[in-house]
Amino acid sequence: MTELTIKRIKAFIVDGLIIGIPLQIGTLFYWDYILKNHSEQILFYALTYQFVPFLLYWFISEYFFSATIGKKIFKLKVVVTSNRFFQIFLRTLVRLLPFDLFLVLINEKPLHDKLSKTSVEDYQK
């Protein structure tokens, strides 16, 4: 694994903590309410609370700042080649595929980079 790949994995973990911890805390407070009052929509609420915040975080961070907080900490940035909105939007959506990140272990580039024609670079060097 390259140094860039290791930094990307670390940045992903930091981003997961930044979004995941507040989501779990929120879930602790509202889960009983959702179960009691909206049990027929439990799947909707579970998916909404798990995916939407992550997708918004990635899209807004990478579209406006070229990096998430995790990427900023590790001095990484997302590089786009043409239509910034479309490339970042596609990059964000492809992250929903469960096997996306496993490709990093095989060929150093996740599917969301390949399909959106984006790359992540280390700007420290």
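## Helix packing and pocket

In H2, Leu55, Trp58, Phe59, Glu62 and Tyr63 meet Arg84, Phe85, Ile88, Phe89, Arg91 and Thr92 of H4, where contact means heavy atoms within 4.5 Å. By class, this contact of H2 with H4 comprises seven nonpolar, one polar and three charged residues; Ala, Val, Leu, Ile, Met, Phe, Trp, Tyr, Cys and Pro count as nonpolar, Asp, Glu, Lys and Arg as charged, and the others, Gly among them, as polar.

The model is predicted, with pLDDT of at least 70 required for local features and 80 or more for side-chain atom pairs, whereas totals for chains, interfaces and linings use all residues. Residues are numbered from 1 along each chain as its sequence is written, and side-chain values use heavy atoms, with hydrogens and water left out.

The chain has six helices and two strands, in the order α-α-α-β-α-α-α-β from the N terminus. These are DSSP runs numbered from the N terminus: helices are H or I with at least four residues, strands E with at least two. The C-alpha trace spans about 50 × 30 × 25 Å along its principal axes.

Two packed helices are described by the angle between their axes and the distance between the axes. The axes are lines fitted to C-alpha atoms, for helices over the stretch in contact, and angles run from 0 to 180 degrees between N-to-C directions.

| Helix pair | Axes come within | Crossing angle |
|---|---|---|
| H1 (residues 3-37) and H2 (residues 42-65) | 10 Å | roughly 150 degrees |
| H2 and H4 (residues 84-94) | 9 Å | roughly 150 degrees |

H2 and H4 are therefore roughly antiparallel to each other, a term for angles over 145 degrees. H1 and H2 are likewise roughly antiparallel. The residues of H1 that meet H2 include Phe12, Trp31 and Leu35, and their partners in H2 include Tyr45, Pro53 and Trp58. This contact of H1 with H2 has 15 nonpolar, four polar and one charged residues.

The largest pocket holds about 430 Å³ of space. On a 1 Å grid over the protein atoms alone, a pocket is an open set of points where a 1.4 Å probe fits, with protein on both sides within 12 Å along at least five of seven lines; lining residues have an atom within 4 Å of a point. Its volume is the space filled by probe spheres set on the points, which are joined across faces, edges and corners. Of the 26 lining residues, Arg8, Phe12, Leu101, Val104 and His112 lie nearest the centre of the pocket. H1 gives the most to this lining, with eight residues.

Key: Angles under 35 degrees count as roughly parallel, over 145 as roughly antiparallel, 65 to 115 as roughly perpendicular and the rest as oblique.
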